[in-house]
Amino acid sequence: MADNTPKVALVVGASRGIGRQIAIDLAKNGYSVVVAAKSTSDARSVVPFPPDPNSPQSTISTVEREIIEAGGRATAIPVDVRDFASVQKLVDRTIETYGRLDVLVYNSGAIWWASVEDTPMKRFQLMQRVNPEGLYGTVQASLPHLKRHKKGRIVVVSPPIYSRFFRGKTAYAMGKVGMSVLTKGLAMDFQRQGLTDMAITSLWPAVAIESAATRKMTDRNPSEARDLRKATIFSDAVLAILRAPAARVNGQLELDEDFLRSDVGGSVVDFSQYAVVPGSNPRRIMPAVLPDLTVAEQDDEGKRMDSAKERGGAKL
């Protein structure tokens, strides 16, 4: 019997920018969306509405209102991804509200680009807690529900792995690359467990996307906007990933433009609609060719170990 219940997507880091756009476009495509982040507000009192999507006035409350007023289904649930109890409560409330979880998108992120010397320990710790630790906790809390129908999907906002990415932002790169390692490793878990219809995919912009962070640049130099794209390119890539066969995207570290250009992503050739400045040709910031992370002995696992089984199922 066909399951006609709307699929449910949890978008973490959905208050503004890319996360907001993903939540809105998932709702337009029939998903019930849980909009999660730290920032909340009284959405009824926001004027003008909707607020600037890259401003502090955009919160999970206003995103929820945007979706509902457009005819979609959404629930805003606050979360602090640094606190696993808060993450677990978020997932529990998602299940209480909608009874299922089909898609997890993790977009939460803390950023600080500087040398090791100029990155204070508190900044380093914040990035690790929000970026890889927050992702790990959210994935672990979500997995039992994503696996229920054996078709769950996860999309992680994290980069391909290549050495130039580390330059000038080592602390940030340690966390973000760690997130991509989780994508690779969990994909292998799915394969080992025979979960052929499940997938986890990392996605990253090929060209800089308009956001609160880029606004600082455009405020100083408005011409910088010519090198920016709209967040819609990223949400379009997320939707294309979710439509693709699991085997084609599981464990992949994708770039939004390159995936949309691919056959499985829709064979898109015209990206002009995504330029913030009409007629501009935004500069690509990512390499054209990325390294292959596999080795000749890829399938040789040696002697397999399972610490959980060795401890009789105890995890602590």
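Strand 2 (residues 32–37) and strand 3 run parallel and are joined by 6 bridges; strands, like helices, are DSSP runs numbered from the N terminus, with at least two residues (E) for a strand and at least four (H or I) for a helix. Within this pair, V35 stands opposite A76 in strand 3. The model is a predicted one, in which local features need pLDDT of at least 70 and side-chain atom pairs count only at pLDDT 80 or more, whereas totals for chains, interfaces and linings use all residues. Residues are numbered from 1 along each chain as its sequence is written, and side-chain values use heavy atoms, without hydrogens and water.

The two strands belong to an open sheet of 7 strands with parallel pairing, in the order 3-2-1-4-5-6-7; two strands pair if DSSP finds at least two bridges between them. At the edges are strand 3 (73–78) and strand 7 (253–255), each of which pairs on one side only. On average, neighbouring strands of this sheet are turned by 20° against each other, direction ignored.

Two helices lie across strands of the sheet, as tabulated below. Axes are lines fitted to C-alpha atoms, for helices over the stretch in contact (heavy atoms within 4.5 Å), and angles run from 0 to 180 degrees between N-to-C directions.

| Helix | Lies across | Angle |
|---|---|---|
| Helix 1 (residues 17–28) | strand 1 (8–12), strand 2, strand 4 (103–106) | about 170° to strand 1 |
| Helix 3 (residues 84–98) | strand 1, strand 2, strand 3 | about 155° to strand 3 |

The loop between strand 2 and helix 2 (60–69) contains N54. N54 counts as buried because its relative accessibility is 9%, buried being under 20% relative accessible area (1.4 Å probe, protein chains only). Apart from neighbours within four places in sequence, N54 is in contact with R16, G17, E210, S211, A212 and R215.

Notes: Buried means under 20% relative accessible area, exposed over 50%, partly exposed in between (1.4 Å probe, protein chains only).
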